[in-house]
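Dear colleague,

I am handing over the structure below for your records.

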Amino acid sequence: MELLQGFFQQTLYGYFNPQKLILIEKYNSLYKHLITVRKNDISWRGYQFHFLPLDFIPGGGSLSGSCYKAFTSKETWSNSEAKCRRLGAQLVKIESAEENDYLVKTFLTASAGTYWIGLSDQVKEDEWIWTDRSLLVNYTNWANDNPNNLHGKQHCGHIAKGSFHLLGYEFTGFNGEWNDLECDVQLEFICEQFSP
Ligand SMILES: [Ca+2]
Ligand SMILES: [Ca+2]
């Protein structure tokens with residue numbers, strides 16, 4: 001019997017059918033549970049079970065609709081997005097200061113580091129969009145003087161912390177700000193998966 005494992009989110013507590021669902025661990029909040037379920041049992045009484053890869057980290061508070069994972073393998077921006085997509089996720093879409101702070105606290109824990117995020121203006125210069133094609137509006141956290149499209153070829157966004165050198169560029173005193181960079185640079189990256 002093939003088993004799937006993941007987080008099960010429902011709005012009403014107490015709807016587990018113990019014949020079908022094996023509760024392993026109560027997770028995070030009353031309404032979110034890590035379960036194992038038979039593959040054929042992906043819906044029950046009209047509820048659809050939503051499986052998240054186990055090693056994604058659920059966001060808390062206003063971010064509870066998302067799970068995140070930072071990959072330490074380095075990829076171009078496009079390959080990063082492709083890897084996220086294969087997991088049912090996308091490069092992280094940062095929509096609030098709270099989300100930006102969360103990413104810094106959770107993943108940028110070393111004194112310096114950087115990750116691709118889901119921003120690019122590859123389609124149209126200076127029209128920044130997330131990988132779900134939504135325009136960058138409202139919250140932004142660009143570093144000073146950026147995006148600057150340096151040398152006319154910086155079309156992908158990354159989030160950075162600390163001071164470091166990268167490909168001859170010097171980054172100084174970052175604390176979660178964004179920069180635009182050449183998309184074929186290989187960086188670590190953060191995927192975000194949205195709950196349905
Ligand atoms: Ca987000
Ligand atoms: Ca730049």
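In which loop does D145 lie? In this predicted model, D145 is found in the loop between β10 and β11. Its backbone deserves a remark: D145 is not a glycine, yet it has a positive phi of about 65°. Most residues other than glycine have a negative phi, and most peptide bonds are trans. D145 counts as exposed because it has 8 C-beta neighbours inside 10 Å, and a residue is exposed at 12 or fewer.

The loop between β10 (129-130) and β11 also holds P147. A cis peptide bond, with omega about 0°, links N146 to P147. N149 lies in the loop between β10 and β11 as well, and has a positive phi of about 45° although it is not a glycine. N149 is partly exposed, since 13 other C-beta atoms lie within 10 Å.

The largest nonpolar core has 29 residues, of which V92, L103, Y115, W116, I117, I190 and C191 touch the most other members. At least two residues of this core come from each of β7 (66-75), α1 (77-86), α2 (97-107), β9 (113-120), β11 (156-166), β12 (169-181) and β13 (187-194). In soluble globular proteins, nonpolar side chains tend to be buried together.

Which residues does C191 contact, leaving aside its neighbours within four places in sequence? They are Y68, K69, F71, C84, L87, A89, Q90, L91 and V92.

With kind regards

Technical notes
Residues are numbered from 1 along each chain as its sequence is written. Chains are lettered from A and ligands numbered from 1 in the order in which they are written. This is a predicted model: local features need pLDDT of at least 70, side-chain atom pairs count only at pLDDT 80 or more; totals for chains, interfaces and linings use all residues. A nonpolar core is a set of buried Ala, Val, Leu, Ile, Met, Phe, Trp, Tyr and Cys residues joined through C-beta atoms within 7 Å. A residue is buried if 20 or more other C-beta atoms lie within 10 Å of its own, exposed if 12 or fewer, and partly exposed in between; C-beta atoms are placed from the backbone. Helices (H or I, at least four residues) and strands (E, at least two) are DSSP runs, numbered from the N terminus. Two residues are in contact if their C-beta atoms, placed from the backbone, lie within 7 Å.
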